[in-house]
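Please consider the structure shown below, which is to be read as a predicted model.

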There are 2 protein chains.
Amino acid sequence: MSVLVVGSVALDTVETPAGQVTDALGGSATYFSLAASLYTTPIRLVAVVGDDFPSHGLAILRDRQVDLTGLEIGAGQTFRWIGRYGDDLNSAETIATHLNVFARFDPKVPAEFRNTPVVFLANIDPELQLRVLDAVDGARLTAMDTMNFWIASKRDTVTEVMRSVDIVMLNEAELRQYSGTRNLVAAARQILDLGPRAVVVKKGEYGCSVFTPDRYFVVPAYPLEEVRDPTGAGDSFAGAFMGSLAGSPVLSWSAIQRAAFHGCVVASFACESFSVDRVLTLRREEVEERLGRLLSYSQVEPAREEEQDHVIQNVAAT
Amino acid sequence: MSVLVVGSVALDTVETPAGQVTDALGGSATYFSLAASLYTTPIRLVAVVGDDFPSHGLAILRDRQVDLTGLEIGAGQTFRWIGRYGDDLNSAETIATHLNVFARFDPKVPAEFRNTPVVFLANIDPELQLRVLDAVDGARLTAMDTMNFWIASKRDTVTEVMRSVDIVMLNEAELRQYSGTRNLVAAARQILDLGPRAVVVKKGEYGCSVFTPDRYFVVPAYPLEEVRDPTGAGDSFAGAFMGSLAGSPVLSWSAIQRAAFHGCVVASFACESFSVDRVLTLRREEVEERLGRLLSYSQVEPAREEEQDHVIQNVAAT
């Protein structure tokens with residue numbers, strides 16, 4: 001089943017305790033597309049880059065069955081983000097944001113994309129998100145992301161998008177900011193009251209939580225001994241989550257559970273290298289193998305005979 | 001199987017966004033004892049209070065089969081902690097600590113306690129923890145907690161205790177402080193390298209993680225829409241964890257998984273009211289009922305026929 005994503009394609013300059021990269025391939029729609037393409041194809045990308053965008057960037061996307069019909073190449077420079085992570089890899093410090101051609105982004109959804117069944121509105125101006133949502137009138141499952149900037153500057157429009165999609169995906173800081181409450185349960189309920197069927201909260205090193213009006217589920221993050229660059233982890237999560245869902249004929253609770261696990265697994269790979277490097281080389285078998293381990297880290301072993309249990313130490317008197 | 005705990009019995013004055021209490025029953029050993037007594041009895045308490053300690057506090061403990069033979073009543077005032085929580089209920093601001101009789105605490109383990117099979121060293125001076133450990137030469141399962149103050153002031157002695165116990169239990173801030181690394185996986189490995197069989201990391205609203213040299217497990221926190229007072233949640237976690245383990249003849253991986261779930265469940269009850277109020281009225285059936293729900297929040301539903309799945313929305317073209 002095809003998936004449409006609208007978002008940014010960018011060139012990132014990033015410094016972390018593990019190293020740095022300059023003008024490396026990045027952007028929410030890039031990470032999303034590469035992650036989602038592990039699950040389903042084609043991914044239909046609606047975005048804009050400048051005329052300086054390296055052709056190898058386009059080749060990388062095309063190689064992964066990302067349909068670039070909706071990628072506009074504007075006159076000027078590509079969106080650039082310059083950021084830095086300190087020891088706390090959960091939050092980036094933005095050094096500079098050069099919107100360049102992205103400042104005038106007016107997403108045009110090609111006619112042949114209007115029937116795309118699954119649509120993801122990555123973090124862009126909520127007014128543009130609404131416009132894209134109007135254009136994809138054949139969509140059967142829609143989801144959105146946003147960021148602190150839009151929550152602060154265009155809260156009402158963000159609310160309008162939340163009312164209009166099936167799934168709202170946010171990180172916990174954004175959820176707290178939007179709701180004005182620190183308690184995630186109360187915060188998620190506020191958003192669910194607007195109408196979406198699920199709220200997916202990305203919690204970085206703590207994994208994710210999924211809230212529906214009557215259910216709740218938590219997936220832990222895959223434990224990494226070294227996080228080299230968390231940039232794009234949230235968008236990779238979203239790509240795997242939506243890609244996994246697109247493989248299911250119905251949005252069901254078990255499909256959501258599976259999607260959340262896949263999201264956490266692919267996000268963990270994204271953190272292992274700078275830019276899209278690891279997501280790019282990632283094979284589905286590697287995802288499944290790590291998924292099996294993440295399940296073992298969170299699923300209780302079935303009751304078994306004592307002799308089959310993993311005994312660490314005797315406690316009872318001998 | 002009996003469990004011995006050494007720690008503080010205190011009178012807490014606490015303010016949170018939900019209210020406040022003055023000179024309410026508190027202390028690590030108090031919360032631990034009440035939580036552990038849900039699982040096993042007797043709990044053998046080694047602690048000190050002042051001669052101002054209210055007799056109803058003693059009655060509460062006795063009612064729960066807490067053996068007070070090791071509770072010294074010293075001349076002077078009981079240990080008092082005065083603290084405040086803001087909107088971030090994960091960390092308390094200490095306004096004042098009056099050690100009073102606790103400053104001269106010299107734990108004496110009654111002769112009949114030396115063979116207690118399960119021993120928990122709650123947060124006290126690590127030199128006293130070592131002394132207690134020496135005294136309980138019949139113990140078959142030992143665990144410790146500590147706090148930022150001791151990690152900063154007596155790190156080598158804390159290390160010595162870690163080398164000497166089976167289970168090290170810490171919150172994530174303490175683990176990061178001790179190890180000097182933000183990454184919990186790397187930090188836990190540092191402690192495991194000292195020799196304990198397991199490191200249990202308490203993560204507040206994110207639940208807990210258990211590390212052994214070759215295994216890893218995560219339990220999410222039970223989601224609460226209102227946290228009235230998180231004081232004692234970590235000690236209640238420890239009490240339920242150790243109490244649950246004490247019910248198992250061997251320290252096995254599945255016993256640890258079960259203990260971690262019980263820890264998170266009882267900790268969630270502790271957060272629902274001030275002081276020990278909720279832990280005190282807590283019945284084992286309530287724990288089991290909430291445990292069932294926490295499992296449903298983290299365990300993947302078994303694969304099932306589509307018609308039995310909880311369908312939220314159709315995605316495929318009709």
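A:Thr231 is buried, because 26 other C-beta atoms lie within 10 Å and the cut-off for a buried residue is 20 or more. Leaving aside residues up to four places away in sequence, the contacts of A:Thr231 are A:Asp12, A:Val14 and A:Gly26. The C-alpha atom of A:Thr231 is separated by 19 Å from that of A:Ala47, and these two residues are 184 residues apart along the chain.

Helix α3 of chain A spans residues 126–135, and its buried residues are A:Pro126, A:Gln129, A:Val132, A:Leu133 and A:Ala135. Viewed down the axis of α3(A), these buried residues fall within an arc of 170 degrees, and therefore they line one face of the helix. An α-helix has 3.6 residues a turn, so residues three or four places apart point the same way. The buried residues of α3(A) pack against several elements of chain A, including strands β1 (3–6) and β4 (43–50) and helices α4 (148–153) and α5 (155–164).

Between the chains, 44 residues of chain A are in contact with 44 residues of chain B. On the chain A side, the elements that give two or more residues are α7 (184–192), β13, β14 (250–252), α9 (253–270) and β15 (311–314). Of these, β15(A) gives the most, with 4 residues. By class, this side of chain A has 24 nonpolar, 11 polar and 9 charged residues.

Strand pairing also links the two chains: β14(A) pairs with strand β15 (residues 311–314) of chain B in the antiparallel sense, over 3 bridges. Within β15(B), B:Asn314 is the bridge partner of A:Val250.

Conventions. Residues are numbered from 1 along each chain as its sequence is written. Chains are lettered from A and ligands numbered from 1 in the order in which they are written. This is a predicted model: local features need pLDDT of at least 70, side-chain atom pairs count only at pLDDT 80 or more; totals for chains, interfaces and linings use all residues. A residue is buried if 20 or more other C-beta atoms lie within 10 Å of its own, exposed if 12 or fewer, and partly exposed in between; C-beta atoms are placed from the backbone. Two residues are in contact if their C-beta atoms, placed from the backbone, lie within 7 Å. The arc is that of the directions from the helix axis to the C-beta atoms. Ala, Val, Leu, Ile, Met, Phe, Trp, Tyr, Cys and Pro count as nonpolar, Asp, Glu, Lys and Arg as charged, and the others, Gly among them, as polar. Two strands pair if DSSP finds at least two bridges between them.
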